[in-house]
Amino acid sequence: MAIINLKKKQVQAKIVYYGPGRGGKTTNLEYIYKKFRTRIQTEMVTIKTHGDRTLFFDFLPIDIGKIKGYDIRIQLYTVPGQVKYESTRRLVLRGVDGIVFVADSLAVRRKENVLSLKSLADNLASYKKSILDIPLVFQYNKRDLLDEGIPLLPVEWLEKDLNSKLKVPYFEASALKGPNVVQTMKKIIILTIDSLRKDLT
Amino acid sequence: MDKRYTSDAEGQKTYIFTPGQLSEIEAVLAEELLDVGVHSVTLIDMAGNIISTLDDGENKHDLYSLAALAAGNFGAVSTMAGLVGEDEFSLLFHKGKKENIHFNKVTDEFLLITIFGKELSLGFLRLKVAEATDKLMGLLKPGS
């Protein structure tokens, strides 16, 4: 649920990084935080367990400058990936305007990706939103591990498993090392703002 | 399958606030709360976005992080209420040594966060928040 403030000429929109546990959602935000430190005036908020896993969410607000005369402020969130935190994921999705689905490229994680995407669709439906309508980008993460000889899912398989019906943009990325992390974020911001464009007069 | 983006379909609502509407909201927050001595007052939506915020100029908090956490906290407490068979818990309040935070649902979509010190009693604060909430409900109705 984006907020358009015509007095300040400001838009606030919420983008959520969703995906299976240990897939790299928090790592995406940490990379963005380091990369754009000068544009981010606050600390990144994380609510973690003692085991360094996301308990509730991570939160990072970022100013991206002006579009059509409006200051655009994007609130980036992650959800906890662990299966047991389903109700928490649903809470974080409230009012979401755009989604990055961070899929784990590890061959052993094929099933978890599919189950997580199914849970995303179900949770969106609980807010009367459809995964077919909301701005969405896939990120196939951990592609750097190919160089280390670790078995990864071919991109064609990931596309077939996750994106064959949705047909949304996707990026092969490494949240840890950086390739395509910023591009993923830029793409979802463009799609999200584009979806609000007709309200920006 | 083509994707369509609609900002006004059910469940996809975008809230647009006009300068006049925001001025009226700010007037309510100033008269009912800031003038009686709260440190800051912020109206947010349940997604964690800030609609309007006013402070006494002396206390600077990271309000964007606070809004995100408050929306999450409120959602978590509402879910807990459901688990024990309550519709909602009516009082959401955190007491500190110097600062206290009070949360109040305005409508299903909006939440009022008030930060105040020990010079204000919780009872008086709740009374003023209730008065402000009544006025804000009128201003936040769709089409108002």
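What do the buried residues of α1(A) pack against? Here are some friendly notes, starting from that question.

1. Before the answer, a word on reading the model. Residues are numbered from 1 along each chain as its sequence is written, with chains lettered from A and ligands numbered from 1 in the order in which they are written. This is a predicted model, in which local features need pLDDT of at least 70 and side-chain atom pairs count only at pLDDT 80 or more, while totals for chains, interfaces and linings use all residues.

2. Now to helix α1 of chain A, residues 25-35. Helices (H or I, at least four residues) and strands (E, at least two) are DSSP runs, numbered from the N terminus. K25(A), T26(A), T27(A), N28(A), L29(A), Y31(A) and I32(A) are buried in α1(A). A residue is buried if 20 or more other C-beta atoms lie within 10 Å of its own, exposed if 12 or fewer, and partly exposed in between, with C-beta atoms placed from the backbone. The buried residues of α1(A) pack against β2, β4, β5 (70-78), β6 (98-104) and α5 of chain A.

3. On confidence, the predictor gives the complex an ipTM of 0.84 and a pTM of 0.90. Chain B averages a pLDDT (the predictor's confidence in each residue, from 0 to 100) of 88, and 90% of its residues score at least 70. Residues 1-10 of chain B have a pLDDT below 50, and this stretch has 22 contacts in the model beyond near neighbours in sequence. Two residues are in contact if their C-beta atoms, placed from the backbone, lie within 7 Å. Where pLDDT is low, the predicted coordinates should not be read in detail.

4. Where the chains meet, 35 residues come from chain A and 33 residues from chain B. On the side of chain A that touches chain B, β4(A) gives the most, with 4 residues. That side divides into 17 nonpolar, 7 polar and 11 charged residues. Ala, Val, Leu, Ile, Met, Phe, Trp, Tyr, Cys and Pro count as nonpolar, Asp, Glu, Lys and Arg as charged, and the others, Gly among them, as polar.

5. Strands also pair across the two chains. β1(A) and strand β1 of chain B (residues 15-17) run parallel, joined by 3 bridges; two strands pair if DSSP finds at least two bridges between them. I3(A) has Y15(B) as its bridge partner.

6. Chain B has 3 helices and 6 strands, in the order β-α-β-β-α-β-β-β-α from the N terminus. Within it, 6 of the 6 residues of β2(B) are buried, so this strand is largely enclosed by the rest of the structure. S40(B), T42(B) and I44(B) lie on one side, with V41(B), L43(B) and D45(B) on the other.

7. β2(B) has two antiparallel partners to look at. With β3(B) (residues 50-55) there are 5 bridges, and V41(B) is partnered with L54(B). In the hairpin of these strands, G48(B) takes a positive phi near 100 degrees. With β6(B) there are 6 bridges, and S40(B) is partnered with I115(B).

8. Finally, helix α3(B): L125(B), K128(B), V129(B), A132(B), L136(B) and L140(B) are buried. Seen down the axis, these buried residues fall within an arc of 105 degrees (taken from the directions from the helix axis to the C-beta atoms), so they line one face of the helix. On the other side, G123(B), A130(B), D134(B) and G138(B) are exposed. What covers the buried face includes α1, β2, β5 and β6 of chain B.
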